[in-house]
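Dear colleague,

I am passing on the structure we spoke about, together with some notes on what turned up in it. Please read them alongside the coordinates.

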Amino acid sequence: MKIKKHLQKSLSMQFFGLMLRVVLFIIIGALVIIFSYRQLNEYHSNQNELLEQKEAIIKQIDNRFNQAFFDFRGYFAFNNESLKEDAFKQEEKIRKLLDEFKRVENNTEDHIFYENVESYLNTYYRDLIPEAITFFEQRDRDNFEALANDGGTKAVNAFKNDVQAYRNKIDDKIEANYELLVQRNSYILIFVGLYLIGIMFILFQLTRTMFKNVGKPLSDFAEVANEVASGKDADVAIITNREDELGKLSVAFKKMLTSLQEKEQDLLGQNEELIAQQDELEAQRFELEQALSNLKRSENNLRDRNEFVKGISNSLDKKNVLDEIVVNMCKITQADQGIICFLDDQSYAAYGISQTGKQQFLNNLDNGLNDKLIKYKESFTVKRELIDMEKGFHEAKSYGYDLYLPILDIENEVIAVLVLSRFGSAFPEDQMDEYNGFAKQISISLENIQMYEQSEEDRNRNQDILNTVLEGIQLVDVDGNAVQVNHMLCQIFGCTEASNRIVGMSLDNWSKEMAQFIEDEDDFLAFFKRVIHSADSEATHTYTLSNKNKIYKVYANSLYHDNEKIGTVFVHRDITKETEVDQMKSEFVSTVSHELRTPLASIYGYTELMLNRELKPEKQKKYLTTIYQETKRLTNLINDFLDVQRMESGRQTYEQKYIDLLDIVKDVVKTQKLATSIHEFQIDVETQDTTVLGDKDKLKQIFTNLINNAIKYSPDGGNISIRLYREDDHMKTSVTDEGLGIPEDALDKLFSKFYRVDNSDRRTIGGTGLGLSIVKEIALAHNGDVQVASEYGQGSSFTVTLPVVETIVNSESLSPQSDSKHAYNVYIIEDDQHLTGLLEQELRENNFYVQSFTKAAIALKQIKSVVPHAIVLDLNLEAGEMDGWEFMRELKRLDVPYSNIPIIISSALEEQDKGFQLGVTNYFVKPYRSSDLSRTLLQTLLEKEKRGQILIPDTKKDS
Ligand code: ADP
């Protein structure tokens, strides 16, 4: 009961119960059918098998009997003993078969058949056959035949018939058994049919029940739901007699329906309320739309204003900005034409205005309406009739409107005027404030541009100033970014456009960029990092440029603004010279102390000896000779120092005289020869002319130093050969020895002051390291040079190069007839009449055009009209007048070509140094041979002409 109740509560359980019953019915029915079918078939096949077995045994018995009959007959016919034995053997076999039969017999019929056969067997083998054999052996033919006829044969036949009859019976039984099987199988088939019909019936019933109990109520619900959905009134009956889901569903459905109806009522109420609200919203929407369109208009205005501001602040180029202003203002104010123009420089930009129109406007910039604008500084509009060009194809009268806007500066002064024109429609009054706002904006922007231009100008000036400084200057901000550099900094770091590259770079980048030119890269980078990131960055660092071998010192200094560090300034100063000087100084001190002390020590020793001892005259002479030589050595040394010092201070003066180099060389060799006995001297002259222009003593010093070195640095003696030859335009003199030679790495430093090769082979050889530097200095002063070639251990060769000069072999070549090219114009400024006359004659004879002056001032004036090729100048002229020195200074102050005119001094004063400092070409001290003057003049001018420096005056005048 309980289970039934439980089942009723759930639809699925109900369905499960029904299905369970159906399945059980199907399974049981199928099992019964299968079992009965199997049982039936088994039974009939057993029956069949038994019958067939019986029949087989009977058949064998029959066959054995027949065999026995045949064998006995054969025996009796042919008296064959073996046949008789065979026939008897059959009895045994038949009995075995009978036993077998007995085992399978199962009814009385079988048993009777068994007994018959057994009795017949007994009769046959116990009675009939033994009797027949006896008769046969006794040859009792009659009895034998009588026995055969008397039933022997009959009995046999009767037995055979019995057997046959029984076999037939068994066959019948087999058949009957099969038919029975067929019949029973058809019964089973009928049963199966009925069973299937039963199943169909049950399924039909099941479906009907399901439809009635589930489908029907569900379709009722669906119908109600559809009606409710389509808005009709509908009710659903509660299924009270059911506890399952459908029962519950009906209750829930009912509840839902009720609540839906209630809600519908609510919704209807709300709907009405909403309709009321919608009307209200509609009204608000309309208001909002109006506000939105206002907003859009303001947005457009704002966008125009934005674009305008962007346009004018995008560029700092005045022209661009003016263009932007006028175009954008026309756009914003919907004007057809416009112009903006600065009052000071009249720079302007226009839109839609013809060239003539623009010009007209510029011409009247401070007249008429512009004047009104400038005076009152307030914007105004003007209405005017349109001219034909502006009217297009319209014939009717129409008007144009001009808007005048003032552009003011900080001091409220008008700096520019902006005029905009509209055709046909006026500028709206309510927009005027806005237009004035734009004018203010333009003022600010133009003010900015002016400020920018000013600051650009300042910046460029600053940069120009920085560029004139001979130190590399670099400014970086607090983070180390390069802000500004000058030209010199770029030059130091070998980059012409470094300013563009370095400026703007980060610390890492510019310092690496610069460090690649520097030897001690790591220290360099570390210095900048340290200085830039420290609060107070006053520091210095020294570095060497790897490619130029120059030493620089960089000074760092912090920049402050309002007590706050805003950057660092680096100043890179070339201290190569200073360093060299320092180095030289220390070398100088050590050399001087050594070189001075050595001879002094000898002098000191020998004089002391001579003072304190009585010496023989020979000894005295010997000691005095040593003292003399050491004193000479000291003197030479001091002279060397003084020469160097003079040369360095630029106070050394050189005479310009024509000298035969061969004479000098011979002279020097002669003197130097005395100092050695182990050297052979040889002079080879490979040119006709060995004349050079220069200072005899200085040139002598060159060869003294070179030949002296050749002797000194070939301590084992050897040849010293001097060769004079020409190469191109140069006079060359080489001094070659077979001495110690010079190591390769020393060659490039050889001509530096105080430089000495510090090798063991020459440590005992004294010297100051000044000789070669003096040689170089003198050679350079003569527009020449000196070169060295050497193989270490083999010897050295020093070659002095000097410029060749044209020499005048005899005065004939100077005659006016021979070469008119040499007719140079010469001024003589001299207050001594006699000397003037003498010089005039000498020069004229040598084909010069001469003009003489007693007053330098007059000559100076005259020079401007007739430029002389050369001037012969006396220094002491008339008292109270311009003297020779003053004349020279005035002349040098004039422009080229006057300042370049060669001057030859002819004076009693021996102030050569001063004269050469002022740039005179030659200096003759009175008295001198006038032919020397004319020769020197001619040679100087020929030289100049050859170099293309000669001045060709417009007129050549004879005095
Ligand atoms: P000093 O001879 O006083 O040392 P110099 O300026 O004349 O100074 O020479 C510089 C150096 O050049 C010498 O120290 C020497 O080593 C080397 N030198 C100059 N001339 C010769 C030469 N002919 N053969 C070998 N070495 C020389």
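Domains and local features

The domain assignment of the protein gives domain 1 (4–213), domain 2 (315–438), domain 3 (469–574), domain 4 (655–803) and domain 5 (817–946). Please bear in mind that this is a predicted model. The C-alpha centres of domain 3 and domain 4 are 46 Å apart.

Two glutamates may interest you. Glu 55, which belongs to helix H2 (residues 11–78), is buried and yet has no salt bridge. The nearest side chain of opposite charge is that of Arg 167, at 4.1 Å, which means that the pair falls outside the 4 Å within which a salt bridge is counted. Beyond residues up to four places away in sequence, Glu 55 touches Arg 167, Ile 170, Asp 171 and Ile 174.

Glu 118, in helix H4 (residues 108–137), is partly exposed, with a relative accessible area of 29%. When its neighbours within four places in sequence are left aside, Glu 118 is in contact with Arg 95 and Leu 98, while its C-alpha atom lies 10.0 Å from that of Asp 99, 19 residues away along the chain.

Finally, there is a hairpin formed by strands S8 and S9, with 4 residues between them, and Asn 549 in the turn has a positive phi of about 55 degrees. The strands, S8 (residues 539–545) and S9 (residues 550–561), run antiparallel and are joined by 7 bridges. The covered face of S8 presents Ala 539, His 541, Tyr 543 and Leu 545, whereas Thr 540, Thr 542 and Thr 544 make up the uncovered one; of these, Thr 540 stands opposite Tyr 555 in S9.

Definitions and conventions:
Residues are numbered from 1 along each chain as its sequence is written. This is a predicted model: local features need pLDDT of at least 70, side-chain atom pairs count only at pLDDT 80 or more; totals for chains, interfaces and linings use all residues. Side-chain values use heavy atoms; hydrogens and water are left out. Domain bounds come from an automatic or database domain assignment. Buried means under 20% relative accessible area, exposed over 50%, partly exposed in between (1.4 Å probe, protein chains only). Lys and Arg count as positive and Asp and Glu as negative; His and the chain ends are not counted. Contact means heavy atoms within 4.5 Å. Two strands pair if DSSP finds at least two bridges between them.
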